[in-house]
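Please have a look at the model first, then read the points in order.

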Amino acid sequence: MSSIEIETGRLFVGGRWREAADSARTEVLDPSRGVVLTTVAEAGAADVDAAVHAAREAFDGGAWSGLSGRERGRILHRVAELIRENADELAQLESLDVGKPISLCHAVDVTNAANDYEHFAALAHSLDGSVRDTPLNALAYTKREPLGVVAAITPFNFPLILAGSKIGPALAAGNTVVHKPADETPLSALYMAGLLQKAGVPDGVVNVVTGAGPVAGEALLRHPGVDKVAFTGSTAIGRHVAATAGQALKPVTMELGGNAANIVFEDADLEKAVGAIIKAFVFNTGQFCMGGPRLLVARPVHSTLLGILADAVPGVPVGDPRDPATVVGPMAGENHLRKVEEYVELARKEGGRIVCGGERLDLDGGFYYKPTVIADLSNDSRVVQEEIFGPVLTVQPFDTEDEAVALANSTPYGLASGVQTTNLARAHRIADRLRAGIVWVNDWAMLDPAVPFGGVKDSGYGREYGPEALDAYTKVKSVVVSLD
């Protein structure tokens, strides 16, 4: 598959590489060519049970939770250093596995993964409580303690980053982890298991089980030894995760689907706005929950902007992710490509006008789709209302601020939103009214570990990144000491 050597065929449990209990394996594809990269172990319920027991033993024994926050932070800083030292290997692996352009993997995935661990390393020794003033004749104070064993279930589109956004705060707070990566893109999770161990994370503190969601994921979700679930994925599966965890009263955080609106007002700097618009819908080949697939444009500049997009979008470099010039790579798999095709065909049936794109790109047997712009759809169109999760942009006009806000808030989702305007007062005014976990002004996808993100409505609940993330991985204990 490449010059990279990792234990791709085995699970990582209790600090050791091991075969699946029944020796089952599953193929991992290169989406840029549609060929098999390698095979990995396919975990079953017995393997998940072993991983949870290893995590429980490590937690109860204090191998990690018993360390000071400063010591945990030192080790997490070392993880960040190792990610940077192995940046070329990790970028290559992520590009092979997901189909991401290699330049994107370097600039975004690997860089942000290192930043994630560095950020949470700094927070590890700042976990504190507070003394509470009460009329009791007592000293009352609070402590923040780890929850225990965390199940981290991550998706196919940003394997490295979204694993770090869960494992980082979980470890900073003193928890242990069982990580179930997406069955389509498990390779960086296995690589990271080795890096975490090399950094000094004790055996059993982080375990990785690869395999199918309905088998390994379900077993992990239902395991009585799991204390908390951190999930990123579709809204449909998120509902199942929440319902199942709720039966056992397990806390859950989840970042789910999105269908963000990007609002362009007539006073926007159109040259700058076009860059943000294109980035919002082609970034990661549109496989981005916080992408901006809905463009809302003030009527006075609607036709002008459509014309600019018609000229600019076909020029976006689509191709081999190994080429540093590539901006848009393949979809992550045949199923994802087929879903995009079905939505574009539905758009045609619903009266949509294909401004550009609208078809597969035949290249090396890979799963490529041309970036597509669609106009003239009504707001109740399924293509407008539902999450496509591909490089497709719908464009709708509006006449007033109120109409723009109403259109932006009209879908069930609320993960991200955007505003393009040179009017500062308008930017703040509209941002306040948008029902979304994060709002970007005059750009898109500005993300940093210090800034929390997460959803409202059908986009989930809980926050990742920022000090707020640690709230989801700790519990508060109150201690009241009588002074009599």
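1. Which element gives the most to the lining of the largest pocket? It is α7, with five residues. Helices here are DSSP runs (H or I, at least four residues) and strands likewise (E, at least two), numbered from the N terminus.

2. A word on the basis: this is a predicted model, where local features need pLDDT of at least 70, side-chain atom pairs count only at pLDDT 80 or more, and totals for chains, interfaces and linings use all residues. Residues are numbered from 1 along each chain as its sequence is written, and side-chain values use heavy atoms, with hydrogens and water left out.

3. The largest pocket holds about 680 Å³ of space. On a 1 Å grid over the protein atoms alone, a pocket is an open set of points where a 1.4 Å probe fits, with protein on both sides within 12 Å along at least five of seven lines; lining residues have an atom within 4 Å of a point. A volume is the space filled by probe spheres set on the points.

4. Among the 32 residues lining the largest pocket, P155, F231, G233, S234 and I237 are the closest to its centre. By class, the lining has 15 nonpolar, eleven polar and six charged residues; Ala, Val, Leu, Ile, Met, Phe, Trp, Tyr, Cys and Pro count as nonpolar, Asp, Glu, Lys and Arg as charged, and the others as polar.

5. The second largest pocket has a volume of about 270 Å³. Its 17 lining residues include F158, I161, F283, F288 and L447, which lie nearest its centre.
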